[in-house]
Amino acid sequence: KDSTIELFVNRLDSVESVLPYEYTAFDFCYDESEKRPSENLGQVLFGERIEPSPYKEDKTIRWASRWDYILESMPHTNIQWFSIMNSLVIVLFLSGMVAMIMLRTLHKDIARYNQMDSVEDAQEEFGWKLVHGDVFRPPRKGMLLSVFLGSGTQIFIMTFVTLFFACLGFLSPANRGALMTCAVVLWVLLGTPAGYVAARYYKSFGGEKWKTNVLLTAFLCPGWVNEEINNSFELKVVFADFFVMNLILWGEGSSAAMPFGTLVAILALWFCISVPLTFIGAYFGFKKSGIEHPVRTNQIPRQIPEQSFYTKPLPGIVMGGILPFGCIFIQLFFILNSIWSHQMYYMFGFLFLVFIILLITCSEATILLCYFHLCAEDYHWQWRSFLTSGFTAVYFLVYAIHYFFSKLQISGLASTILYFGYTMIMALIFFLFTGTIGFFACFWFVTKIYSVVKVD
């Protein structure tokens with residue numbers, strides 16, 4: 001009861017700048033006699049520099065109530081919670097409608113196809129059964145797609161585990177930097193499933209350049225790769241973006257600039273742990289036999305008939321990202337507020353629920369569009385399923401631009417460059433995550449429907 005509670009000061013920033021600075025960078029009183037505590041990895045990445053404080057704690061506030069002033073300062077908290085619940089109910093209703101329509105329609109299709117016993121009926125096949133000899137034809141640029149899937153799997157598992165721990169209270173706002181530390185550590189340790197998934201699907205696509213596939217998967221995210229080119233465009237883009245951001249922070253004297261020692265440590269984690277784990281996963285992925293498909297692929301590709309406007313690739317891809325974005329935009333507003341507007345984010349339970357709803361919505365919307373395309377005799381579903389669900393990231397990027405101009409008061413070229421630089425990285429990660437969900441959902445759907453119909 002009478003013990004002394006040490007108080008510390010954190011970084012300082014403002015609504016007009018995203019650049020955080022150390023407390024001692026300003027002409028404030030500070031305690032030189034106290035030893036500076038060490039920060040964890042998440043605090044260092046967010047630019048938090050903990051300094052000893054000359055101030056004492058307020059005896060009138062109980063320790064269990066120390067977060068009340070933050071929760072009470074949240075604007076329109078009740079309205080925000082009502083909006084979240086309303087959004088979830090709408091998304092669940094739409095998802096149920098999509099699932100019901102798909103199940104009833106597919107049941108009738110499968111029953112009708114299996115009742116065609118005569119040769120004349122078989123010659124008059126129509127709908128999605130007509131493309132059974134081409135539906136599992138390897139896609140173009142299979143190297144790029146397989147590595148996208150490996151990186152997306154890594155992001156999905158990392159996000160799921162991080163949010164699950166946050167819901168249990170292990171990554172509460174009281175433990176600063178814990179969320180980012182957990183995400184980085186999981187990213188490093190999840191190289192094995194990334195390498196396994198990339199290698200497994202690359203082998204099923206008929207790929208033979210397994211060394212290129214492993215290297216592209218190991219080095220973070222894949223790039224715009226031709227089958228003959230062994231490079232990683234996205235790797236260059238992400239790291240060029242990151243280092244430019246870090247140089248700007250260094251030049252501005254911000255505490256968010258990553259120290260050289262921390263940078264070396266992260267590179268060591270990447271090259272010494274993540275890359276070997278990716279190679280191990282790829283080894284088991286290539287060692288295992290290829291994925292068996294329920295139908296055989298014809299040697300000669302079938303000609304795709306002229307498509308209507310709604311079954312062409314671009315309209316379907318643009319429409320496919322609307323519903324998934326509709327279930328996340330409210331939570332996205334809160335998350336952007338916590339990152340750029342200095343508000344505390346504490347609703348991890350709702351965030352985890354929205355995460356699950358996002359998975360369901362991405363899967364169902366992509367499956368629905370895939371079914372329409374197969375009925376139109378267009379069997380190029382692999383890339384389309386990835387891009388349809390991944391287009392949600394484009395809406396995310398548009399919303400982030402709208403948020404910058406309508407909600408923030410940021411001024412200065414450096415802060416503007418940092419905002420859009422980090423936003424591009426987040427959009428890229430979100431693209432890989434949602435695209436992977438859409439592809440796996442469609443792969444399961446296509447495999448399932450062609451395994452239950454009779455094909456001569």
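Glu-377 is buried, its relative accessible area being 19%, where buried stands for under 20%, exposed for over 50% and partly exposed for what lies in between (1.4 Å probe, protein chains only). The model is a predicted one, in which local features need pLDDT of at least 70 and side-chain atom pairs count only at pLDDT 80 or more, while totals for chains, interfaces and linings use all residues. Residues are numbered from 1 along each chain as its sequence is written, and side-chain values use heavy atoms, with hydrogens and water left out.

**Exercise 1. State how many helices and strands the chain has, and what share of its residues is buried.**

Step 1: The chain holds 17 helices and 4 strands, which are DSSP runs numbered from the N terminus (helices H or I with at least four residues, strands E with at least two).

Step 2: Of the 456 residues in the chain, 47% are buried.

Step 3: Among contacts in the chain with a separation of 6 or more, 80% join residues 24 or more positions apart, a contact being heavy atoms within 4.5 Å.

**Exercise 2. Work out how helix H15 packs against helix H17, and which kinds of residue make the contact.**

Step 1: H15 (residues 382-390) and H17 (residues 413-451) have axes 7 Å apart and pack at an angle of about 135°; the axes are lines fitted to C-alpha atoms, for helices over the stretch in contact, and the angles run from 0 to 180 degrees between N-to-C directions.

Step 2: This angle makes H15 oblique to H17, because angles under 35 degrees count as roughly parallel, over 145 as roughly antiparallel, 65 to 115 as roughly perpendicular, and the rest as oblique.

Step 3: The crossing of H15 past H17 is right-handed, a term used when the near helix is turned clockwise from the far one by less than a right angle, with anticlockwise giving left-handed.

Step 4: On the H15 side the contact involves Gln-382, Ser-385, Phe-386, Leu-387, Ser-389 and Gly-390, and on the H17 side the residues include Phe-431, Leu-432, Gly-435 and Cys-442.

Step 5: These contact residues of H15 and H17 comprise 6 nonpolar, 8 polar and no charged ones, with Ala, Val, Leu, Ile, Met, Phe, Trp, Tyr, Cys and Pro counted as nonpolar, Asp, Glu, Lys and Arg as charged, and the others, Gly among them, as polar.

**Exercise 3. Find how helix H11 meets H15.**

Step 1: The axes of H11 (residues 313-320) and H15 come within 7 Å and cross at roughly 40°, which makes H11 oblique to H15.

Step 2: H11 passes H15 in a right-handed crossing.

Step 3: Pro-313, Gly-316, Ile-317 and Gly-320 of H11 meet Arg-384, Leu-387 and Thr-388 of H15, and the residues of this contact divide into 3 nonpolar, 3 polar and 1 charged.

**Exercise 4. Locate Gly-290, and name the residues in contact with it beyond its neighbours within four places in sequence.**

Step 1: Gly-290 is in the loop between helix H10 (260-287) and H11, and at a relative accessible area of 30% it is partly exposed.

Step 2: With neighbours within four places in sequence left aside, Gly-290 is in contact with Arg-200 and Lys-203.

Step 3: Arg-200 and Lys-203 are also among the residues of H7 that make the contact with H10, two helices whose axes are 6 Å apart at an angle of about 35°.
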